[in-house]
Amino acid sequence: MCAIAAGRRGRRVLVLDHANKAGKKILMSGGGRCNFTNLGTTPANYLSANPHFAKSALARYTPWDFIALVEKHHIAYHEKELGQLFCDESSKLIVRMLLGECAAAGVDVHTSCAVERVGHTAHGFHAHTARGEVHAQSLVVATGGLSIPSLGATGFGYELARQFGHAVRPTRAGLVPLTLSGKHQERYQDLAGVALPQAEARVGKRSFRAGLLFTHRGVSGPSILQISSYWQPGEDLRLDLAPEADAGDWLCAQRAARPAAELKNVLADLLPRRLAQRLCERWFDSRPMRQYRELELRELGRQLHDWPLVASGTEGYRTAEVTLGGVDTDALSSATMQSRLVPGLYFIGEVVDVTGWLGGYNFQWAWASGHAAGEVA
Ligand SMILES: Cc1cc2nc3c(=O)[nH]c(=O)nc-3n(C[C@H](O)[C@H](O)[C@H](O)COP(=O)(O)OP(=O)(O)OC[C@H]3O[C@@H](n4cnc5c(N)ncnc54)[C@H](O)[C@@H]3O)c2cc1C
């Protein structure tokens, strides 16, 4: 996006990527359909040490700007849920669109070309690449985060930032499944594959309501991926396993309607059957409903709404969708992404300490920050 904006201004632009194809993360995103933006994008959907930093770029390149581009290229799309826009067909169409816009703006794109080192003199930047040296007035670093190393992710952008005197905020995996260990893993392990269509995952005051999935190593699904960006090892993580109903009221009503039914069978109408059975085996005993006092059922309901889950860690960069932290925004202009320390140097996209929620927000940040830099670089 940055190259397109700069190329349209008549700048000579060269994009260097060490991957053998452009836009590999776009290709594999959204299950191959690329969740390319979110209609509800606001700065509140991002994590950053400076929550105000993303405001300017997001306001100047909105989801509607990207949608206009998608429509110009006749790419069919649909809203899945919560403002998330996906291609009807394939993510390939988004990469083709961006490469087409690059070609139209006179941008050269070189893939399989790693940038090994970068130097800086009064005349500009010189990059040592696998194919020789390149000189430029401006250098835009768009090397992304550390997630999915097999797709070409490197920490090179952070190294460059430090080389030019920028601080880099500690990085960690975000939008990532959580792992359980020891007895906590044993309790849930054989539930792998059990999914709740709606659960609420909570850390402190932050909560996300969406699907949840038990895995062999722990828990995943959108509610967990979202909360993973806010959770740190040792922090209390709570689940509402039945956020759609008041479980206490519901259980009392069930007792009146089905007094002879066993709790585990009643709970199987509220939760996946295997989970209901596990809860009854491990935590609640399962008796006919008539044998429970109202107080007991209300306490059981309370526990379903506030279930503690002791996670030991995350699956790490191997499966994380994003990297939290990155180039500190303090020394960057929020209007242009330009370094305040080295004129002509820019950082955009995920390498910057701005990380979006799940749902198209990360691409919207990549487009918006790229556009902001491309308008001036
Ligand atoms: C599996 C997966 C699915 C995702 N799905 C979505 C989604 O549906 N919606 C959404 O909004 N976000 C999604 N994301 C997040 C999104 O892909 C990223 O936030 C976004 O791609 C960041 O864009 P970027 O340009 O900053 O970095 P990247 O897209 O990571 O691009 C960085 C580029 O820099 C290149 N590079 C790195 N080091 C060097 C070097 N030394 N020399 C030359 N080139 C180098 C890499 O090869 C890469 O092409 C997903 C991420 C993953 C991993």
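Is S112 buried, exposed or partly exposed, and what is its relative accessibility? In this predicted model, S112 is partly exposed, with a relative accessibility of 43%. The residue belongs to the loop that runs between β6 (108–110) and β7 (115–121). Most residues other than glycine have a negative phi.

A second residue with this backbone feature is L82, which is likewise not a glycine and has a positive phi of about 50°. L82 lies in the loop between β4 (77–79) and β5 (84–87).

The ligand is surrounded by 28 residues, of which D17, N35, T154, E350 and F363 are the closest. By residue class, this shell comprises 13 nonpolar, eleven polar and four charged residues. Two helices, α2 (24–28) and α13 (361–374), each contribute at least two residues to the shell. The greatest contribution is that of α13, which provides four residues.

Polar backbone atoms of the protein approach the ligand at several positions. A nitrogen atom of the ligand is placed 2.9 Å from a polar backbone atom of N35, a residue that is also among the closest to the ligand. For V115, a backbone N or O atom is found 3.1 Å from a nitrogen atom of the ligand. At G30, the distance between a polar backbone atom and an oxygen atom of the ligand is 3.3 Å. Taken alone, the ligand exposes 1,000 Å², and 88% of that area is buried by the protein.

The largest share comes from β11, with three residues. In terms of residue class, the lining of the second largest pocket consists of four nonpolar, five polar and three charged residues.

Note on methods:
Residues are numbered from 1 along each chain as its sequence is written. This is a predicted model: local features need pLDDT of at least 70, side-chain atom pairs count only at pLDDT 80 or more; totals for chains, interfaces and linings use all residues. Side-chain values use heavy atoms; hydrogens and water are left out. Buried means under 20% relative accessible area, exposed over 50%, partly exposed in between (1.4 Å probe, protein chains only). Ala, Val, Leu, Ile, Met, Phe, Trp, Tyr, Cys and Pro count as nonpolar, Asp, Glu, Lys and Arg as charged, and the others, Gly among them, as polar. A residue is near a molecule or strand if one of its heavy atoms lies within 4 Å of it. A polar contact is a pair of N or O atoms within 3.5 Å; within protein, one must be able to donate a hydrogen and the other to accept it, and residues adjacent in sequence count only if both atoms are side-chain atoms. Accessible areas come from the Shrake-Rupley method with a 1.4 Å probe; for residues, only the protein chains shown count as cover.
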